[in-house]
Amino acid sequence: MKDAFGIPQSLLVLGGTSEIALATARRLVARRTRTVWLAGRPSAALDAAAEQLRGLGAEVRTVAFDALDPESHEAVLGKVFAEGDVDLVLLAFGILGDQAHDEREPLNAVRVAQTNYTGAVSAGLVSARALQAQGHGSLVVLSSVAGERARRANFIYGSSKAGLDAFAQGLGDALHGTGVHVMVVRPGFVRSRMTAGMEEAPLATTPEAVATAIELGLRRRSETVWVPGALRVVMSAVRHLPRTLFRRLPV
């Protein structure tokens, strides 16, 4: 169960090598979290992440999980929940893709959509049902400001995040009053492995800053969190720009 400040005792990370997810896990373990499940494709990186969290005092287990295999999600995640209550599920998997390349190779674009949206719909629904069955818990979904309005430079990724964001918001409404809390996190450009080598966007942030915002959002039981907070105003303006003007922006 969570403590009086909303900090979970147990955490399931879907996307166990995500830099944002691991920064969040480190922050929560430093507060109160003692049991962590890292779900992802088996790899040296997943094992290293688990060892790092064990070094901070958490009991950590790894789970073989593939976002692109939704038929396995119910069985894989069911085994985790069968071990005991999970206070927080952090849905953090996703891929950026390569816009220019993926436009020429539609199957690559489909993989982005299947990972970021289809896989998340499956894992999100399975997790939500398990949380509802235990009567409490939070589902935190890592969305992106890219989903607010499709840009020429990354509309494949942006459209997948737009779908994910809409799904998560609707799921939060569906679960309202059940004891399950859904929080959507919308970071801007995050300095990470995924964005290495890319031109940095204004209001860029870090995995640690996103982790701080997630912790604060959990304490406040927020439904939507922007990182940094100023993006809420910026994206509101961008979302309402006339299309002819939007096309002229260097985005």
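A residue is called buried when its relative accessible area is under 20%, exposed when this is over 50%, and partly exposed in between, with a 1.4 Å probe and protein chains only. The structure is a predicted model, in which local features need pLDDT of at least 70 and side-chain atom pairs count only at pLDDT 80 or more, while totals for chains, interfaces and linings use all residues. Residues are numbered from 1 along each chain as its sequence is written, and side-chain values use heavy atoms, with hydrogens and water left out.

A salt bridge is taken as a side-chain nitrogen of Lys or Arg within 4 Å of a carboxyl oxygen of Asp or Glu, and by this rule the count comes to 13. In one of them, Glu59 pairs with Arg61, the closest N and O atoms being 3.1 Å apart; Glu59 is partly exposed because its relative accessible area is 42%, and Arg61, at 34%, also counts as partly exposed. By contrast, Asp165 and Arg186, whose side chains meet in a salt bridge at 2.8 Å from N to O, are both buried. This pair links distant parts of the chain, with Asp165 in helix 6 and Arg186 in strand 6, 21 residues apart, where helices (H or I, at least four residues) and strands (E, at least two) are DSSP runs numbered from the N terminus. Salt bridges that share partners also join Arg27, Arg31, Glu215 and Arg219 into one network.

Since Arg31 lies in helix 1 (residues 19–31) and Glu215 in helix 7 (residues 207–220), the pair ties together parts that are 184 residues apart in sequence. Arg31 counts as partly exposed because its relative accessibility is 38%, whereas Glu215, at 5%, counts as buried.

Attention now turns to strand 4 (residues 88–91), where Leu88 is placed. Leu88 counts as buried because its relative accessibility is 2%, and its C-alpha atom is separated by 6.4 Å from that of Ser10, a residue 78 places away along the chain. When residues up to four places away in sequence are not counted, Leu88 touches Pro8, Ser10, Leu11, Leu12, Leu28, Ser138, Val140 and Leu218, contact meaning heavy atoms within 4.5 Å.
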